[in-house]
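Subject: Handing over the structure

Hi,

Here is the structure I promised to pass on.

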Amino acid sequence: MKKSIKIIFNVIAWIVLIFSLLMTLIVFTADRNNGTASLLGYIPLTIESDSMSPTFKKDDLIISHEIDDVNDLEKGDVITFWTLIDGQKVRNTHRIVNINEVNGNKNFVTRGDNNSRDDDISVYGVDIIGEWTGVKIPGFGGVMNFLRTKTGFFICVLIPMALFFLFELYKLIVVIVDIKRPAITTQDEEEIKRKAIEEYLAEQRNKNDQNKSSTQESTEKNEAVSDAVTEKASEKTETADTK
């Protein structure tokens, strides 16, 4: 039972560590790349609006991948790209509805699945961040946004990592104590067994002696009672003869 609990704790501790390290990588790579994280070519992105509903919704987390060649993109693909909205450069994730080519350069007309008209600005290759892989985690984008804050990073990353290292330190101390503890030799084991056997035999002898003593006392009492009865009977007999 104890071994099973120990294994479960170890598994949980490693899951926490891996999750914390993954979140750390995502946060730091996002900070260094204008808020866009990339892990081995895969890009986790938080959806900021419902323009692509019902394909995915606000606060969903989607996974896109980097594109080696924009010429491989086709109508119907969902891409994330940089664009201007109200004069600000922001990320947007929409579906390609048309592809144009001007002087050998392709540009892509995009539209949100929940929108009735195409986007005002066409997308060029240099603006494209990645293509959606089809993977989404509903609602997890909000969690990612929280993890990017100082409070979220402290609670969900730093504290679990600190607890993991404290747990591993405890295990190391236990191992060191066990190593320093003198090992029991075969001779010591035999001596322990011998003493245990002697103690057991002594207890049995004491019990037997107590039983014998109780039996002897009972016998003496019975004999005394018998003698008393016999003596009284003799006295009655003598009295009867005298009469």
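Let me start with N107, which is buried, with a relative accessible area of 4%. (Buried means under 20% relative accessible area, exposed means over 50%, and partly exposed is in between, using a 1.4 Å probe and protein chains only.) Before I go on: this is a predicted model, where local features need pLDDT of at least 70 and side-chain atom pairs count only at pLDDT 80 or more, while totals for chains, interfaces and linings use all residues. Residues are numbered from 1 along each chain as its sequence is written, and side-chain values use heavy atoms, with hydrogens and water left out.

Back to N107, then. You'll find N107 in strand β5. Helices (H or I, at least four residues) and strands (E, at least two) are DSSP runs, numbered from the N terminus. Leaving aside residues up to four places away in sequence, N107 touches N98, I99, N100, V102, S122, V123 and Y124. A contact here means heavy atoms within 4.5 Å.

Now for the overall picture. The protein chain has four helices and seven strands. Reading from the N terminus, the order is α-β-β-β-β-β-β-β-α-α-α. Of the 243 residues in the protein chain, 23% are buried. If you take the contacts with a separation of 6 or more, 53% of them are between residues 24 or more positions apart. The accessible surface of the protein chain is about 17500 Å², and carbon and sulfur atoms account for 57% of that. Those areas come from the Shrake-Rupley method with a 1.4 Å probe, and for residues only the protein chains shown count as cover.

Next, the salt bridges. The rule is a side-chain nitrogen of Lys or Arg within 4 Å of a carboxyl oxygen of Asp or Glu, and it gives three salt bridges. One of them joins the side chains of D113 and R95, at 2.8 Å from N to O. D113 sits in the loop between β5 (105-111) and β6 (123-124) and R95 in strand β4 (residues 88-102), so this pair ties together parts that are 18 residues apart in sequence. Both partners are partly exposed: D113 has a relative accessible area of 30%, and R95 has 24%.

Is T55 buried or exposed? T55 counts as buried, at 18% relative accessibility.

Another salt bridge links the side chains of R111 and D118, at 2.7 Å from N to O. R111 is partly exposed at 30% relative accessible area, and D118 is partly exposed at 30% too. Then there is the salt bridge between the side chains of D120 and R117, at 2.8 Å from N to O. Here D120 is exposed, with a relative accessible area of 65%, and R117 is exposed at 53%.

Lastly, the surface patches. Patches are made of residues with over 30% relative accessible area and no salt bridge; like charges are joined within 9 Å, and nonpolar side chains (Val, Leu, Ile, Met, Phe, Trp, Tyr) within 5 Å. The nonpolar patch is made up of F146, F154, I155, L158, I159, L163, L166, L169, L172, I173, I176 and V177, with about 1100 Å² of accessible area together. Its largest share, eleven residues, comes from helix α3 (residues 150-180). L163 belongs to helix α3 and is exposed, with a relative accessible area of 54%.

There is also a negative patch, formed by E66, D68, D69, D72 and E74. For charges, Lys and Arg count as positive and Asp and Glu as negative, while His and the chain ends are not counted; the place of a charge is taken as NZ of Lys, CZ of Arg, CG of Asp or CD of Glu. D72 lies in the loop between β2 (61-65) and β3 (78-85) and is exposed, at 55% relative accessible area.

Cheers
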